[in-house]
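Trainee: I would like to go through the labels used for this model and see what each one rests on.

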Amino acid sequence: SAGRVVVVGGGFGGAACARALKRAQANLQVILIEPSTVFTSCPFSNEVIAGLREIDVQQFGYDKVAAEGVTVISQAVTTIEPQLRSVVTADGVALPYDRLVLSPGIDFHFEALPGYDDATSEKMPHAWKAGAQTLLLRGQLEAMPDGGTVAIAIPANPSRCPPAPYERASLIAHYLKTTKPRSKVLILDAKDTFSQQRLFEKAWKELYGDMIERIALSQGGRVTSVDPATRTIVTEFGNYTPDVANVIPPQRAGRIAEVAGAADATGWCPIDPVTFESKLVPNIHVIGDACLGGGIPKSASAASAQGKACASAIVNLLAGRAPETPRLTGVCYNIVAPGYGFSLAGNYQPRGDIFAEVEGGATSPADAPRELRAREATEAERWFRAITADTFG
Ligand code: FAD
């Protein structure tokens, strides 16, 4: 064979990378390791929370990836031995590699939010990894009486999908407006400004009046601790005890990246943006949310584009050829109500140790007729079908 590449994590980055590797070079041995047999997509999970969509349309298996010749192993990786160039799975099996790709997504930085841990997430769900958490938050919204308050605690950047908390606030407001109109959404934000802010705030005023209130960083909105026993959220300004507490904690690279020695003091993984190879551990490449991408937002479209570019770089490196400089495209849709969407598209290229945005990006106009918002909502659905088919078959 032309070599052996192990990919850890079968999400948007890892599955795209594994498929691209196999397609680029059929005699390459490609192994994808992912503990779950069903992947649940975060994109469009805010629609599930708001009752606009069921979770089964968010779920994808690995049959088609396997049918293309990728060896799919349903295990978690527990240990990585860079000197031996080997990964060990939870069942104790060691698998050697020539090149290793890590796409483990995020884990939560619990130390940065006293009171929050896995047990707390059962009471104050994050719903920042899709699946059981998504349904838990939805169930809490359904159980809440009219006139209640839903608080959404938003962390500082870098974090997974920076605009998604505001999309969530919008769609929860839509759910409340149509079922429990005396209720409120309270955003407690560790940021002053956010992605697509003008578009969101305009849509909120237009669609939801004063139903959504936001307390920004400089108004004391940063959450400093939580108490799950009383469902209390403590901020720099004061204490809140909402009826539903959606607490999105600060984040870092998926834990296995740290185990591999690929994460630095920031909690994320510095890379060479041309090859995605770790700056800290040779022969390990990090893609998706886990890497320090600089100007490229952490999104499924970025993870997928990085997965493909990384596959191309690895094929070239294994063949002794120079890798090509990647140009990545990412597009991010936000849905604020059924039939009301807007988008942000960007192009990114390596500059020094990170990705920088280059020309050719586009954002939806702040003032646009509703037909354009409706068309962008339809395009968002089309984007979802395309990226999930591209990733999982
Ligand atoms: P993931 O897709 O999370 O995949 C990581 C995988 O690694 C998981 O399947 C996990 O099980 C596996 N894994 C972890 N540790 C191990 C281990 N030790 N061994 C083996 N496997 C392991 N992005 C968009 O582009 N558009 C959107 O509209 C959008 N909406 C979003 C809405 C919400 C509410 C959220 C939370 C996110 C949204 N995103 C969106 C962001 C998107 O979900 C992520 O950026 C994307 O999933 C990142 O891909 P990834 O491969 O890095 O991680």
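Predicted model: local features only at pLDDT ≥ 70, side-chain atom pairs only at ≥ 80, totals over all residues.

Trainee: Why is Gln-196 called buried?

Mentor: A residue is buried if 20 or more other C-beta atoms lie within 10 Å of its own. Gln-196 has 21 other C-beta atoms within 10 Å, so it is buried. Gln-196 sits in the loop between strand S12 (184–189) and helix H6 (197–208).

Trainee: What is listed about phi of Gln-196?

Mentor: Phi of Gln-196 is near 60°, a positive value in a residue other than glycine. Arg-85 is another non-glycine residue with a positive phi, of about 50°. Arg-85 belongs to the loop between strand S6 (77–81) and strand S7 (86–89).

Trainee: What makes Arg-85 count as partly exposed?

Mentor: The label applies between the two limits, which are 12 or fewer for exposed and 20 or more for buried. Arg-85 has 18 C-beta neighbours inside 10 Å, so it counts as partly exposed.

Trainee: Why does Arg-327 count as partly exposed?

Mentor: With 14 C-beta neighbours inside 10 Å, Arg-327 is over the limit of 12 and under that of 20, and therefore counts as partly exposed. Arg-327 is in the loop between H8 and S20.

Trainee: Which residues does Arg-327 touch, leaving out those up to four places away in sequence?

Mentor: Asn-347 and Gln-349. Contact here requires C-beta atoms within 7 Å. Arg-327 is also 8.9 Å from Ala-305, C-alpha to C-alpha, with the two 22 residues apart in sequence.

Trainee: What makes the peptide bond between Asn-157 and Pro-158 a cis one?

Mentor: The bond joining Asn-157 and Pro-158 is cis, with omega about 0°. Pro-158 lies in the loop between strand S11 (149–154) and helix H5 (164–179).

Trainee: What makes the crossing of H1 and H8 right-handed?

Mentor: A crossing is right-handed if the near helix is turned clockwise from the far one by less than a right angle. The axes of H1 and H8 cross at roughly 35° and come within 7 Å, and the crossing is right-handed. The contact includes Phe-12, Gly-13 and Ala-16 of H1 and Ala-300, Ser-304 and Gly-307 of H8. Its residues divide into 12 nonpolar, six polar and one charged.

Trainee: What handedness does the crossing of H8 and H9 have, left or right?

Mentor: H8 and H9 make a left-handed crossing. Helix H9 (residues 370–392) packs on H8 at an angle of about 35°, with the axes 11 Å apart. Ala-300, Ser-301 and Ser-304 of H8 meet Ile-387, Asp-390 and Thr-391 of H9. By class, that contact has two nonpolar, three polar and one charged residues.

Technical notes. Residues numbered from 1 in each chain as written. Axes fitted to C-alpha atoms, helices over the stretch in contact; angles between N-to-C directions. Helix = DSSP H or I, 4+ residues; strand = E, 2+ residues; numbered from the N terminus. Contact = placed C-beta atoms within 7 Å. Nonpolar A, V, L, I, M, F, W, Y, C, P; charged D, E, K, R; others polar.
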